[in-house]
Amino acid sequence: MVRRQLPQPAELAELLRFRRPQLDARRRRLDAALTIHDLRTVARRRTPRAAFDYTDGAAEEEISLLRARRAFQQIEFHPGILRDVSDVDTTQTIFGGPSSMPFGIAPTGFTRLMQTEGELAGASAAGAAGIPFTLSTLGTSTIESVAAANPAGRNWFQLYMMRERDISYDLVERAARAGFDTLMFTVDTPVAGARLRDKRNGFSIPPQLTASTVLDALPRPWWWIDLLTTPKLEFASLTSTGGTVGQLLDSAMDPTVSPADLGAIRDMWPGHLVVKGVQTLADATMLVDHGVDGIVLSNHGGRQLDRAPVPFRLLPTVAREVGAHTEIAVDTGIMHGADIVASIALGADFTLIGRAYLYGLMAGGRAGVDRAIEILSDEIRRTMKLLGARNLGELESRHVSVLAATGDAAAASGAAAR
């Protein structure tokens, strides 16, 4: 028989302690975001559809992106037990320098389109967190302004080989003068991928007012206020070269890029040279023979060739064959710290996040990027502790298996229908 009594005032007082309300609306919505998917939800609510879809979308039927994310969902972990994991070391040395976490921020073009703080928010947040930041050739902040926003951190520069080679050579020299320590030579863009969401949205760069964009903007006036009251959206590091945004974008896609161009950049660049966009073992081996300092297994976030190889699935083979001879980073589809841990366990030295960072940017500017980095960092530490790994070096293939892929085609068809 349960013995009942009247509540005691002291007990009631202990139960009725209320948390102090958060009056800052931005801080409140970011605090409520517990995952990158939560940040994506906030970002979608706060950003006009065309700008959100430019970030969120991929090429054609978006099968590559779907498969990349599914590959991470098919991870099965195998934890070790009876290990003292009261403290874990997440630091990594990559491309000749340190990173506090095994991930950095990937290059993204036209970043101020998503939220007006753009690359400067990403660079300053990366610097504060002790991770690298990568500026795109098609970035909307200059090389010099990113260096100023992240003066003590590691800045990397992603290079498209422009049709007018002197433009690219000038960018390389500027990045070197500004103290950028790593150059990412990107090789997966001979032509632009077909991004159908953008076409269906009537999306243009820079964005133009149409009846549909005006209607979409009505519940999001802050985005348009930011766009219209801040400096013009442009490829900031390319403004001195002349040409419209469209002409410069077309110039960045060059089907004639060859190993000779890679050699020319190698001769010019004083820091680490990394090739981004590697999608086969044969090409990875070829690049090692060319003496590059690292490779990035990447299908451009699924934004170029749809049905391209999934970098995470390619990783174990490439790591086994060339991992002893070069450093390997991987991107595409990373939405959780466990995705990063699994990549390290299967042979990656480092990972890069693109959309995950942009969702945070759209959700809350610099504070949103901080929150995205915080979420991923917490997930990495927790996953490592639960696996019994005290540092990144203890993460091994025995910790991870990847379940057989099933249903990709059906799921892709369903996603396209939605």
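The mean pLDDT of the chain is 90, with 92% of its residues reaching 70 or more.

**The cavity**
- The largest cavity holds about 70 Å³ of space.
- Its lining is made up of R112, L113, M114, Q115 and T116, together with W223, D226, L227, T230, P231 and L233.
- By residue class, the lining of the largest cavity divides into 6 nonpolar, 3 polar and 2 charged residues.

**T134 and its surroundings**
- T134 lies in strand β5, which covers residues 133-136.
- With a relative accessible area of 1%, T134 counts as buried, because that class takes in values under 20%.
- The side chain of T134 reaches the backbone oxygen of I105 at 2.9 Å, and I105 is also one of the residues in contact with T134 when neighbours within four places in sequence are left aside.
- On that basis the contacts of T134 also include A106 and P107, W156, F157 and Q158, and M184.

- Where pLDDT is low, predicted coordinates should not be read in detail.

Conventions:
Residues are numbered from 1 along each chain as its sequence is written. This is a predicted model: local features need pLDDT of at least 70, side-chain atom pairs count only at pLDDT 80 or more; totals for chains, interfaces and linings use all residues. Side-chain values use heavy atoms; hydrogens and water are left out. Helices (H or I, at least four residues) and strands (E, at least two) are DSSP runs, numbered from the N terminus. Buried means under 20% relative accessible area, exposed over 50%, partly exposed in between (1.4 Å probe, protein chains only). A polar contact is a pair of N or O atoms within 3.5 Å; within protein, one must be able to donate a hydrogen and the other to accept it, and residues adjacent in sequence count only if both atoms are side-chain atoms. Contact means heavy atoms within 4.5 Å. pLDDT is the predictor's confidence in each residue, from 0 to 100. On a 1 Å grid over the protein atoms alone, a cavity is a set of points where a 1.4 Å probe fits but cannot get out, and a pocket is an open set with protein on both sides within 12 Å along at least five of seven lines; lining residues have an atom within 4 Å of a point. Grid points are joined across faces, edges and corners, and a volume is the space filled by probe spheres set on the points. Ala, Val, Leu, Ile, Met, Phe, Trp, Tyr, Cys and Pro count as nonpolar, Asp, Glu, Lys and Arg as charged, and the others, Gly among them, as polar.
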